[in-house]
Amino acid sequence: MFNLKRVNLVFILFAILFASCDKSDDVYEEDPIDGGEGYDSSKWISEIIEYRPAPGQFINTASGTQEAANSIIGGEGLVSLGGFGGYIIFRFDHTVLNQDGYDFAIKGNAFNGSSEPGIVMVSFDANGNGIADDEWYELAGENHEDAVKNYQITYRKPTQTDTAENIYWEDNAGGSGYINTENLESFHSQSFWPKFISGDPEELMFSGTLLENLVDAYENGSYYLAAAGKGYADNYSGDYTTVVNGDEDTGNSNKFDISDAIDGEGNRVKLEGVDFIKVYTAQNEQAGHLGESSTEIRGAISFSVSDK
């Protein structure tokens with residue numbers, strides 16, 4: 001006798017098996033994790049989320065525009081973040097996993113005697129909306145304990161922005177001063193104020209952790225910008241020339257471990273991975289004819305992808 005129930009059962013089992021074998025590309029587009037088989041990930045930055053520099057001598061030049069920020073997508077470029085607090089937020093085309101040891105590198109422009117350290121923060125896309133609106137965590141570098149927490153600075157727009165003019169600032173510690181353009185105008189005659197920021201604000205306010213000034217001035221008029229400890233961008237620390245996983249692109253970069261993440265109270269947090277990375281200038285200092293300390297970024301590399 002024809003068994004309809006058995007036929008229906010066989011059909012259902014076949015349909016389930018067929019569906020389980022359907023590995024469409026949509027799976028990898030929705031959940032790109034580590035660049036494994038089926039997903040063509042890149043080790044380089046894939047997107048600039050936001051570029052908001054503080055005033056500085058390289059702002060409104062080839063390394064201080066939105067185009068400069070975009071130059072670090074997909075490889076190496078160069079972008080300046082300006083004075084304290086100026087920042088850039090970027091992402092890769094995958095989640096950077098928290099593995100044993102270093103997890104990613106940020107390429108800078110440092111060398112012995114010229115460090116302009118930037119603090120690095122990370123965020124995991126916990127709500128899955130693809131927007132950098134989840135909690136941020138600082139990656140605590142070796143100088144964190146001696147740094148000033150919850151520092152805030154406000155820059156005032158100068159009277160004109162056609163040419164270089166000193167830019168006044170004041171902070172929440174009672175300090176004040178200027179982003180000084182003197183002795184720099186022969187090289188940087190443009191305005192140091194970021195004219196391309198949306199809304200043309202009259203003030204720019206930034207906050208974060210402030211590292212101590214490490215500039216040494218000599219009688220002959222030269223300056224030595226000493227390195228901070230490990231764990232900062234654009235900083236000639238002990239790991240700067242180290243090559244990771246045999247990838248020569250990781251030389252001349254600072255390396256970071258997601259396990260160094262801390263919350264706003266200084267407590268360690270456990271993150272399986274991160275989706276967004278923020279870097280900001282962490283010093284508020286002037287070095288005479290060298291100008292203000294301003295972190296520079298040449299690119300970033302994820303160690304979750306094998307792409308030499």
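## Worked exercises on a predicted model

Glycine 177 is in contact (heavy atoms within 4.5 Å) with Ile167, Tyr168 and Trp169, leaving aside its neighbours within four places in sequence. This is a predicted model, where local features need pLDDT of at least 70, side-chain atom pairs count only at pLDDT 80 or more, and totals for chains, interfaces and linings use all residues. Residues are numbered from 1 along each chain as its sequence is written, and side-chain values use heavy atoms, with hydrogens and water left out.

**Exercise 1.** Find the element that holds glycine 177, and decide whether the residue is buried or exposed.

*Solution.* Start with the element: glycine 177 is in strand S10 (residues 176-179). Helices (H or I, at least four residues) and strands (E, at least two) are DSSP runs, numbered from the N terminus. Next, take the relative accessible area, which is 15% for glycine 177. Buried means under 20%, exposed over 50%, and partly exposed in between (1.4 Å probe, protein chains only), so glycine 177 is buried. Last, look across the chain: glycine 177 and tyrosine 155 are 22 residues apart in sequence and 9.6 Å apart in space, C-alpha to C-alpha.

**Exercise 2.** Classify the ring pairs of phenylalanine 84 with tyrosine 280 and of tyrosine 236 with tyrosine 240.

*Solution.* First, the rule: rings of Phe, Tyr and Trp (its six-membered ring) pair if their centres lie within 6.5 Å; planes under 30 degrees apart count as stacked, over 60 as edge-to-face and the rest as tilted. That rule gives nine aromatic pairs. For phenylalanine 84 and tyrosine 280, the centres are 6.1 Å apart and the planes make 80°, which is edge-to-face. Phenylalanine 84 lies in the loop between strand S2 (79-80) and strand S3 (87-91), and tyrosine 280 in strand S17 (residues 276-281), so this pair ties together parts that are 196 residues apart in sequence. Both of these residues are buried.

Now the other pair: tyrosine 236 and tyrosine 240 have 5.6 Å between centres and 55° between planes, so they are tilted. Tyrosine 236 is partly exposed at 32% relative accessibility, while tyrosine 240 is buried at 1%. To finish, note that Phe84, Tyr151 and Tyr280 form one aromatic cluster.

**Exercise 3.** Work out the strand order of the open three-stranded sheet, and which strands stand at its edges.

*Solution.* Strands pair if DSSP finds at least two bridges between them. Here the order is S14-S5-S19, with antiparallel pairing. Strand S14 (253-256) and strand S19 (299-302) are at the edges with a single partner strand each, so one side of each has no neighbour in the sheet. Then zoom in: strand S5 (residues 104-107) and S19 pair in the antiparallel sense over four bridges, and alanine 105 stands opposite isoleucine 301 in S19.

**Exercise 4.** Which residues touch the most other members of the largest nonpolar core?

*Solution.* Begin with the term: a nonpolar core is a set of buried Ala, Val, Leu, Ile, Met, Phe, Trp, Tyr and Cys residues joined through side-chain atoms within 4.5 Å. The largest one has 29 residues, and Ile88, Phe90, Phe104, Ile106, Val120, Ile277 and Val279 touch the most other members. The elements giving two or more residues to this core include S3, S5 and S17. Another core, of 28 residues, lies apart from it, with Ala147, Tyr155, Trp169 and Ala282 among its members.
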